[in-house]
Structures are given as C-alpha cells and as structure tokens.
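Hello,

Here is the structure I said I would pass on. My notes follow below it.

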Amino acid sequence: MKAIWKLFGACNTQKSITRLHCHLIKTGSIQDVDFASTLTDAYITSGLHDSALQLFDEIPSRRSCILQRYCREKRYEDALSIFPWSFYCQKTDSFTVCSGLKACSELRAIGPGKAIHSFIKKLGVLDSNLFIGARLVELYSKCGETGDALRVFEEFHNPDIVLWTSLISGYEQNGDPKSLYAIVECECWKKHPWVYR
C-alpha cells in the first residue's frame with residue numbers, strides 16, 4: 001500500500017499517471033476507493049478529462065469524486081453534464097447530491113435543481129441531511145426563489161448554523177432583509193417564547 005502511495009507522489013506527467021493506472025488495474029488495486037479517487041483527481045488535475053470520465057465509466061461508484069472536483073475547479077457545466085448518469089441510481093450519496101446542487105446554484109439552473117430536489121424527496125434523504133438542505137436553500141436563493149428556500153428551511157426542526165447562514169445570505173442577496181428579520185423573529189419566538197413576553 002505505501003509503495004502505491006509513493007507512486008502517486010512521483011506521478012507528475014500525463015504519461016506517468018497513465019502508467020500508474022495500468023499498474024493499479026494489473027494488481028487489482030483499482031477497486032480501492034482511495035486509489036481510484038486519487039487517480040481520478042490526478043487525471044482531472046493534469047488535464048486528462050477523457051481518462052477521468054473513462055475511469056468514471058469503469059467504476060461508477062466514483063462519480064462523486066469527479067463531481068466534487070469539477071465543482072472545486074468551477075467547471076459547473078461539466079459537473080452538471082455528468083450528473084444525470086448517476087441521478088437515478090438508488091445508491092446516490094449525499095456528496096453527489098450536494099455537488100449537483102452546487103453546480104445548479106452556480107449556474108442558476110433552477111430546472112435541474114428542482115429535479116434533484118424531487119429525486120431526493122423520493123429517496124427520503126432530505127429529512128436528516130442538513131448539508132443537502134443548505135445546498136437547496138442556496139440554490140433557491142441564488143435563483144431568486146426565496147419562498148422555496150424558506151419552505152426547505154422550515155422542513156428542518158433544528159436548523160444548524162450552515163442552514164441559517166444559507167437562508168440569511170439568500171435573503172440578503174435578493175435584497176429582502178425585512179422579510180428575513182420577520183422570519184428570524186418568528187423562528188426565535190417558536191423556540192424561545194419567553195424572550196418576547
């Protein structure tokens with residue numbers, strides 16, 4: 001294992017990355033999640049996007065790594081273009097969903113964002129995942145749909161600071177701080193009614 005990690009450290013050209021991929025296939029190490037993810041990341045970093053997608057096709061469970069990397073590099077169109085391949089898979093994880101929602105919000109692509117929202121509702125993932133909730137609030141806010149952002153926010157009984165920040169930022173970006181103040185006051189009253197007596 002340590003020897004393979006050293007090989008990753010020595011790969012600094014496209015040719016060396018391709019050779020390492022061949023080695024991982026021959027030894028069966030390509031099935032290791034960490035190796036496959038690091039290899040995918042190396043392909044994207046070195047500009048070998050087709051090779052990264054080929055690895056994506058060969059090992060579909062690695063889609064999350066590619067989506068996250070595209071989002072980090074602000075290649076939101078690319079992230080969204082590969083998202084539908086994993087979209088209807090029952091094993092879609094929260095990292096994949098968050099990356100897809102991030103791409104939608106940065107592109108202001110409300111249609112695909114609503115499709116993802118519908119999909120995660122069917123899976124029942126939203127109920128317990130504050131990060132997905134925050135991404136949805138961000139999506140709706142960036143697309144000017146503050147009412148939908150508020151509805152998502154209200155689905156959580158104990159919103160954390162990330163969810164609150166997404167909501168506050170969204171209302172601020174849309175130039176509606178008065179409505180936000182009323183919401184915050186109402187939420188605080190629900191949680192701590194004795195403060196407002």
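Is T40 buried or exposed? T40 is buried, with a relative accessible area of 0% (buried means under 20%, exposed over 50%, partly exposed in between, with a 1.4 Å probe and protein chains only).

Before the rest, two notes on the source. This is a predicted model, in which local features need pLDDT of at least 70 and side-chain atom pairs count only at pLDDT 80 or more, while totals for chains, interfaces and linings use all residues. Residues are numbered from 1 along each chain as its sequence is written, and side-chain values use heavy atoms, with hydrogens and water left out.

T40 lies in helix α3, residues 33-45 (helices are DSSP runs of H or I, at least four residues, numbered from the N terminus). Apart from neighbours within four places in sequence, T40 contacts A52, L55, C65 and I66 (contact means heavy atoms within 4.5 Å).

F83 belongs to helix α6, residues 76-87, and is also buried, at a relative accessible area of 3%. With neighbours within four places in sequence set aside, F83 touches L67, T96, V97, G100 and I116. I116 is 33 residues from F83 in sequence, and their C-alpha atoms are 9.8 Å apart.

Last, a helix pair. The axes of α9 (residues 130-142) and α10 (residues 146-154) come within 7 Å and cross at roughly 165° (axes are lines fitted to C-alpha atoms over the stretch in contact, and angles run from 0 to 180 degrees between N-to-C directions). Therefore α9 is roughly antiparallel to α10 (angles over 145 degrees count as such). Among the residues making the contact are L136 and Y140 of α9 and V152 and F153 of α10.

Regards

Key. Helix = DSSP H or I, 4+ residues; strand = E, 2+ residues; numbered from the N terminus. Parallel < 35°, antiparallel > 145°, perpendicular 65-115°, else oblique.
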